[in-house]
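Dear colleague,

Please find below the sequence and structure that I am handing over to you. My findings follow directly after it.

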Amino acid sequence: MELSGKRILLIISGGIAAYKSLDLIRRLRERGASVRPIMTKAAQEFITPLAVGALSASHVYVDLFSREDEQDVGHIRLAREADLVIVAPASADLMAKMAHGMASDLASAVLLATDRPVLIAPAMNPKMWAARATLRNAETLKNDGIHFIGPSRGEMAESNEAGTGRMAEPMEIVAAAITLLQEGGEKPLAGKTAIVTSGPTHEPIDPVRYIANRSSGRQGHAIAAALAKLGARVTLVSGPVTIPDPEGVETVHVETAQEMLQAVVGYLPADIAVMVAAVADWRVATSAGQKIKKQPGEAPPPLQLTENPDILKTVGHHAQRPRIVVGFAAETQDVEANGRAKLERKGADLIVANDVSPGTGVMGGSRNRVNIITAEGIDAWPDLSKDEVAERLATLIAQKLS
Ligand code: C5P
């Protein structure tokens, strides 16, 4: 597990986002971390120490002047006995205290005393986040080496205001924590190579027309970036998309399925292949060299289609087959059964099956709910952002390779 044996000191300050900290505690512990919580007075107005204590299986520290706690652990030990300090949510008030070196309660005293890396997840009303004082404090904290995750844009929980101020999702905070704890350490995919396909393909009808699909490339690009973040050398073979090339990745641009296949096979051997592209199943048998003209009174021209090569299947059965081959299954029905069948047929180790029925918003959208299908069984992941799916998948691939 990515956080095995890691000790996390979690400081929860006041704000409606405090309820998400309960989920954060679960997510951190799921990955092997131990969590020691500190709550500010304001945090206890939103969630109870009882809930925090139960989920963390730890004593909850709330008071700087508690004789018991000070004898038992003491705020200096609390500050030092951690691999990482996370502040989530970080209120405007606590950020101001941190920026000015105040130590008027347990949370601020510990933050002043710690020599450990600190990751903060600000959460507040958009007006408070945009206030000059808060921006000044954030700048100071960044200069002091404090790491930030979020805030993100979106609807506020307490009002129907939208803007920047939402706390990052627990899984994003977990991913940031993993990255911080891994920096300096060996990255799990260091020395490994990966090929990822992404986006749609365009199959020409004539020089100006083509057959395409609604794939945006967001999921594939995010996976390429996530693998690179874990240290892999990644080649991304992308169909035509409007999103930018991911950082830290070598991106090759292609148009058609045939070009995509050629590029992918050209980059073998590799340790990992993740075929995410929505490759067109068919292309026009003989695309016209000149623009097909509409002739008055004539019937529309027939389109003769022919099958495209299956890139995943080719890679899955290749003499230089990567050790881990991952495919996607965009289904609108029988997601699990079709995913399992695909695993076999394509020679893949893992199929990420998602439901792309109309109304799910998966195709072209930014969120995804997937099922991970392997020979061992099926694992249903919750509704996540495509970045979160990518990070989890990259971590899973790293585990399978190790
Ligand atoms: O057979 P189906 O298109 O449902 O399979 C989806 C999976 O196969 C995806 O991983 C996709 O990238 C891959 N695929 C491919 N080449 C094709 C068709 C699909 O690599 N021609």
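Which strands does helix 14 lie across? Please note first that this is a predicted model. Helix 14, formed by residues 386-401, lies across strand 13, strand 16, strand 17 and strand 19. Its direction is at about 145° to strand 16. Another helix, helix 13 (residues 335-346), lies across strand 16 (324-331), strand 17 (350-355), strand 19 (370-374) and strand 20. Helix 13 runs at about 40° to strand 19.

These strands belong to an open sheet of eight strands with mixed pairing, in the order 12-11-8-13-16-17-19-20. The edges are taken by strand 12 (250-253) and strand 20 (377-380); each has a single partner strand, so one side of each is left without a neighbour in the sheet. On average, and with direction ignored, neighbouring strands of this sheet are turned by 15° against each other.

Within the sheet, strand 8 (residues 193-198) and strand 13 (residues 272-275) run parallel and are joined by four bridges. Val196 has Val274 in strand 13 as its bridge partner.

Is Thr235 buried or exposed? Its relative accessible area is 10%; because buried means under 20%, Thr235 is buried. Leaving aside residues up to four places away in sequence, Thr235 touches Ala194, Ile195, Val196, Glu250, Val252 and Tyr267.

Yours sincerely,
A colleague

How values were computed
Residues are numbered from 1 along each chain as its sequence is written. This is a predicted model: local features need pLDDT of at least 70, side-chain atom pairs count only at pLDDT 80 or more; totals for chains, interfaces and linings use all residues. Side-chain values use heavy atoms; hydrogens and water are left out. Buried means under 20% relative accessible area, exposed over 50%, partly exposed in between (1.4 Å probe, protein chains only). Contact means heavy atoms within 4.5 Å. Two strands pair if DSSP finds at least two bridges between them. Helices (H or I, at least four residues) and strands (E, at least two) are DSSP runs, numbered from the N terminus. Axes are lines fitted to C-alpha atoms, for helices over the stretch in contact, and angles run from 0 to 180 degrees between N-to-C directions.
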